[in-house]
Structure formats: structure tokens, C-alpha cells
Amino acid sequence: MTTPPTNVPPTNVPPADVRPDDPPATGWTAAVRRRAVRTLPPDQLLPDYQPSYVASWIYVFGMLSLTALIVVVGTGSWLALAGAAWWHSSPVGLFVNSLHLWSVELFFFVMVIHLWGKFFMAAWRGRRALTWITGMVAFLGSIGTAFTGYLVQQNFDSQWISTQARDGLNSVGVGAWFNVLNTGQMLLWHVVLLPLVLGAIVVLHVLLVRLRGVVPPFEVAAPAAAEEATS
Amino acid sequence: MTTATRRSRAASPAAQGWAGPWRSYDLVKEFVVALLAMTLLTVGFAAVFSSPDEKPITLQGWAQADPNDFVATAVSELNGSSGTAEYGPPYNTAADGQKIGPLVLQKWGGVRTPVDTASDFVLTPLRSVPGDTELSTAMATYAAASADQQTSWATSYGDALTNAPDGDPAKVAAGEYGPVPVLTGRLLTLAQSGGLDGALVSEGSQFYASDFTKPLLFLADSGYLEDQARAQHLGGDQWGMMNETGNYPGQAWLWLYTFWYQVPPFSTSDNADALVWGLMAVLTLVMVFVPFIPGIRSIPRAIPVYRLIWRAHYRRPTG
């Protein structure tokens, strides 16, 4: 047997004499890559230095929210593996459902602290309005996703919550399209539609945080930026 | 972490005006530690507290536990006085529904889930009962009668049930009820046998089913469901649906939404749901667009919570 060569070049990166550096590579792919790297350089995407004012525990809650969401998705995916009714008849299923429930509770706990922390930091300063807005939309999307989760449990809580909630949704016409008594519809919203939208918003939110950076104390921001919110 | 004076090659625009000290930072390490922490906390809470799973109420269980309430509900579906029968959109046109001032959003949503309570909840399920001559005769008599006659029979029987001791159908005074007592009595029998649970879900001759709109509407028309919920402290005036069975936190994040239902004018309004939704929509828009709202966006500067958040920063002599 022969020893495989080390440092094998990746097959998706051609040798230097094939890929022209001057003039720059043309085409849509190269343009998107240049734009992405220019907008969010690797050092900014994954920073290893930060201003000293970031040494506050409140900044941790953004990361805790993100990681709690990952646990929520992971435990929910585990539940999905064996079907919607599995957890009613299996001790393991009940424990996985408990993991999912408590991950959601923890997610909201840290996210609410994150939200109010950012509010009292006026975290929209310095062209961070879109960061704030995407965060708020993610919060609202999380409420909707969690709500549909309660509807698809197929137990007494689902019965009561759905029959109560329909009045609110019907009263503003939403119930005509979003029927909380239709368990199949709610299950698909819970495990597909809302997570897809929520995931996209969270990714955008995180990228905006990396793009604009975390908000500095009031004195650090330029006076105009302190009060004016621009996106 | 150590404080450093050099800055990252690609410092964020926010920090480019920052002339103070920098410190080393490991984003990936923070991510991994946070993920581990949230995972362990989740496992800990799940292991200690588990999760609630109160069995659902079945129509069979309701009919067996409270047959008088079941029959009264069935009669209200026949005479058009049940909550669903009088609901309006999206189930029927019996009412316009709730309003926010001149906005009739419920009506504008339209009848997208049509429900005929007499047919869907009573008559159609009874057609699946085989070999019952008395029932067949009652069904034929009911079908042959005019709509006014049908309503008259059912309304008279409903009133008689209300006046009977405990609402017991066996103790109803004699009257002109037509075939209604037979219909509701057979529906009770069907429900007690467990046949109505499947019949309401599978209407339309579908083998597979995932839409529980009809059985839930029928159940919600009863007094039984609310009685069970109130026993679990889940009533609308008990902070309702934000809670769940047992001593679990439920959807605590819905506290503000649920709060409005507890106080006037919402707690006494016929349009409470629409008004609360309208109010919450406005408050939500304010929170989403707070960066652009003068006054509100300045609140954080007026309330010095930020000095607590950045206390280490403000403690530095040079600020």
C-alpha cells in the first residue's frame, strides 16, 4: 500500500496559473465572493479582539440566545424523528419532549434578557436599526413558533390553548387562513415554515451584529449617532 | 482574558472610534461554552421537572362524564344557539364578528372554514349509525320538516332541558319536541360508545385525518371543556392560555397579551379579542421601530441602566 500524499490541494481551487489574479476573475461567482469578503472580512466575521467595553455579562446573552435556539432545534428534530405522537407513549420520548420544552423556556429567558439589555443600551445606535429590527422580528417569530408547538402537543393543553386562541386570531381575520384547530396545518407551520423563516432572520441578525459590531457605551458613539437612528 | 492595546485588522465600524484598550476574545470558544451550558441546563431542568402531558378530553369521555351537558350542547347545535352556530366568520355568516372601530376584520377574513353545526355535529354523524329504525324514522321526520319547525322543536327542547332538574333529559317535561330527543339521545349513545370522535374527524370519507376543527369546535361549545380548564386554573380570567397544566411556566412571554384580558375595558368588551390584538399590534410596531420614534428611543439614555451594564467602562478614570 502506498502512503497517500500530504497537502493535497482542494479540487475546487485551481492552480495559480489557471485562475487569473490580474485582471480579477470575472463572473457572478467571483463577484459575489469579492462582495462577501469585502463586506464581511474573515477577521470581522470571526473576531479575536474586541474593545474593552464589551467586558459586560449582558453581551453574553446574545450568544446564549443563539445557542439555546440551537438546542431547541436539536431537541425538536429529535422529537420529529419518531413522529408527533411518539412522546406520549415512550419514556424516552417524554424525556426528549421535556428537553424540548425546557430548551424553549431557557431560550425565551435569555432572549428576553438580551432584548431588554439591548433596549437599555439603545443598541440601535450607530446604523444598527436593522440589527434591532431583525432581533425584534426574531423574537416575534419565536413566539409564533413556540405557540404552534403548544398547539401540536395533542393533549389537553393543545385543546384548551387552541380553542382559546382561535377567538383572537379569528377576531382580526387571521383565523380564516391560519386555523389553530387544524392540527396538521399547525404541525407543518411549527416544524417547517416558521423555523425556516426564523432561522433566516436569526442568520441575518447575527451577520448584522458582525457587520456593525456590538454597540458601544454612549460616550464612544459619535454624538449624532447617539440619538439618530439610521440603518 | 488579557487586555491588549493592538486592534484587530478588521475592527468593526462601531469600534473604529474607540481609542481605549482592547482585549483578546475567542468567539468560537464562547460559542462552544455557551452551547454546552445551555445543553446542560436543559438536561438538568428536563431531568428534574419533566413536562406536562394531561390526556386530551375525548367526546366519549365528555359524554360519559357529563351526559346532560353533552345533550344540551347537541341541542344548541340543532337550534343554532351554540357558540359556533352564532360565531360568524370564518365558520358561518350568523354574525359579522368582532370589530375595531369601523374595521370588521373578522368579516373581511371571510367564511374559509364553513361549519353547519346541525348537519356537521349531529345529523351527519347519526347517518353512520346502522340498523336503528327509530333513529331512521326520526331523521326522516326531521328532514321533512321546515327549517322553522326544526328550530322550534330544538328550541323548545333546549328550554325544557334548562328547566329540568340537573338538565337531565330523562326529567324533561312533556312538550312539542318532535324527533329532537331521539336525535340527541342517539348522538349521546354514539358518543358514549366512542363512535363520534372518529365520525367528526373523518367527515368527508377520508381515511387519513389531521384536521380537528370540528370536534374541537363541538367540544368548545360545551361547558365541560371550560370546567376542566378552570379546574386547572386555565380560565380566561385566570391568565388563560399563557399557562399550562400543572406547575409549569407555560408561555410566560405572553404575559402582556394575556394581561389586557384581565382589565377593563377589554375584560368587559364584546370586541375584547379584536381590541387586544389591535393594541398588541400597535405596541409591537412601536417596539420593532423604536429606533425611529423620537422620545421612546431616548428612554435608555434617561434611565441609566446602561451605567450598570457598562459599569466597568464608566469606572475607568478616562471613561
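Reader: Which residue forms a salt bridge with B:Asp132?

Author: Happy to start there, with the note that this is a predicted model, in which local features need pLDDT of at least 70, side-chain atom pairs count only at pLDDT 80 or more, and totals for chains, interfaces and linings use all residues. Residues are numbered from 1 along each chain as its sequence is written, chains are lettered from A and ligands numbered from 1 in the order in which they are written, and side-chain values use heavy atoms, with hydrogens and water left out. A salt bridge here is a side-chain nitrogen of Lys or Arg within 4 Å of a carboxyl oxygen of Asp or Glu. With its closest N and O atoms 2.5 Å apart, the partner of B:Asp132 is B:Arg186.

Reader: How many residues apart in sequence are the parts that B:Asp132 and B:Arg186 tie together?

Author: Helices (H or I, at least four residues) and strands (E, at least two) are DSSP runs, numbered from the N terminus. B:Asp132 sits in the loop between helix 5 and helix 6 of chain B, while B:Arg186 belongs to helix 8 of chain B, so the pair ties together parts whose distance in sequence is 54 residues.

Reader: Is B:Asp132 buried or exposed?

Author: Buried means under 20% relative accessible area, exposed over 50%, and partly exposed in between (1.4 Å probe, protein chains only). B:Arg186, at 22%, counts as partly exposed. B:Asp132 has a relative accessible area of 17%, so it is buried.

Reader: Which residue forms a salt bridge with B:Lys214?

Author: The closest N and O atoms of this pair are 3.9 Å apart. B:Lys214 lies in helix 10 of chain B and its partner in helix 5 of chain B, so parts 94 residues apart in sequence are tied together.

Reader: Why is helix 5 of chain B largely enclosed by the rest of the structure, and how many of its residues are buried?

Author: Among the buried residues of this helix are B:Asp120, B:Phe121 and B:Leu123. Their cover includes helix 3, helix 6 and helix 10 of chain B, where contact means heavy atoms within 4.5 Å. Helix 5 (residues 117-126) is largely enclosed because its buried residues number 8 of the 10.

Reader: What area do chain B and chain A bury between them?

Author: Buried area is the accessible area (1.4 Å probe) that two parts lose on being put together, summed over both. In this pair, 101 residues of chain B are in contact with 100 residues of chain A. Carbon and sulfur atoms carry 67% of the buried area, which comes to about 9100 Å².

Reader: Which residue is the bridge partner of A:Gln50 in strand 2 of chain B?

Author: Two strands pair if DSSP finds at least two bridges between them. Within strand 2, the partner of A:Gln50 is B:Arg23.
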